[in-house]
Amino acid sequence: MDSLSQLLESLEVKAEVFYNGKLCGLQGFDENPQSGMLHFVKSGAIQVKTEEGHKLSLPSSSLLFFPSGVKHDVFVAQNQEAELVCASIHFPITQQNFLLSKLPRFICMQTKENPEIVTTTAWLFKEAFVEATGYRTL
């Protein structure tokens, strides 16, 4: 087994959805070194500004992952809305320093440009926006 497979098998990553719905205006997120943060843009478009000065524009079907929970603001243009799914990603404390030293400050991608994750993203949006039994855990 290769070293990446061994690492992935040893991880006990947990995710918790803390927001799913429409966003209008501005939402700030504080730094949280104990957990990462993931934003999926289902529809509309958002802008993100980090405390480090990065400015990102994310159209529909995009995702943004902050492995170390960087302080940032998410906002939509005036009179606009975006549908989002936001989750906290918790890494095991024993592996946190190693993982965070190997990952970039953030990862941003458009799922439409990555066909291998289109199906997975569609399933995640379906689970997040349909309030069926167990949807938060799934």
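Which residue in β7 is the bridge partner of G28? The bridge partner of G28 in β7 is D73.

The model is predicted, so local features need pLDDT of at least 70 and side-chain atom pairs count only at pLDDT 80 or more, while totals for chains, interfaces and linings use all residues. Residues are numbered from 1 along each chain as its sequence is written, and side-chain values use heavy atoms, with hydrogens and water left out.

**View 1. An open sheet of four strands.**
The strands are arranged in the order β2-β7-β4-β5, with antiparallel pairing. At the edges are β2 (26-29) and β5 (55-58), each of which pairs on one side only. On average, neighbouring strands of this sheet are turned by 20° against each other, direction ignored. Strands here are DSSP runs (E, at least two residues), helices are runs of H or I of at least four residues, and both are numbered from the N terminus. Two strands count as paired if DSSP finds at least two bridges between them. Angles, from 0 to 180 degrees, are taken between the N-to-C directions of axes, which are lines fitted to C-alpha atoms.

**View 2. Strand β7 and its two partners.**
Four bridges join β2 to β7, and the two strands run antiparallel. Strand β4 (residues 46-50) also pairs with β7 (residues 72-75) in the antiparallel sense, over four bridges. Within that pairing, T50 is the bridge partner of H72, and Q47 that of F75. In a regular strand, side chains alternate between the two faces of the sheet. In β7, the covered face holds H72 and V74, and the uncovered one D73 and F75.

Leaving out residues up to four places away in sequence, H72 touches residues including Q27, F29, M37, V48 and F66 (contact means heavy atoms within 4.5 Å).

**View 3. Two loop residues with positive phi.**
Most residues other than glycine have a negative phi. S61, in the loop between β5 and β6 (62-66), has a positive phi near 65°. Phi of N79 is also positive and near 65°; N79 is found in the loop between β7 and β8 (82-90). S61 counts as buried at 15% relative accessibility, whereas N79 counts as exposed at 74%.

**View 4. Two salt bridges.**
The count of salt bridges is two, each being a side-chain nitrogen of Lys or Arg within 4 Å of a carboxyl oxygen of Asp or Glu. K22 and E81 meet at 3.7 Å, N to O. K22 is in strand β1 (residues 14-23) and E81 in the loop between β7 and β8, 59 residues apart. E52 and R105 form a salt bridge with their closest N and O atoms 2.5 Å apart. E52 lies in the loop between β4 and β5 and R105 in the loop between α2 (93-102) and β9 (107-110), so this pair ties together parts 53 residues apart in sequence.

Technical notes. Buried means under 20% relative accessible area, exposed over 50%, partly exposed in between (1.4 Å probe, protein chains only).
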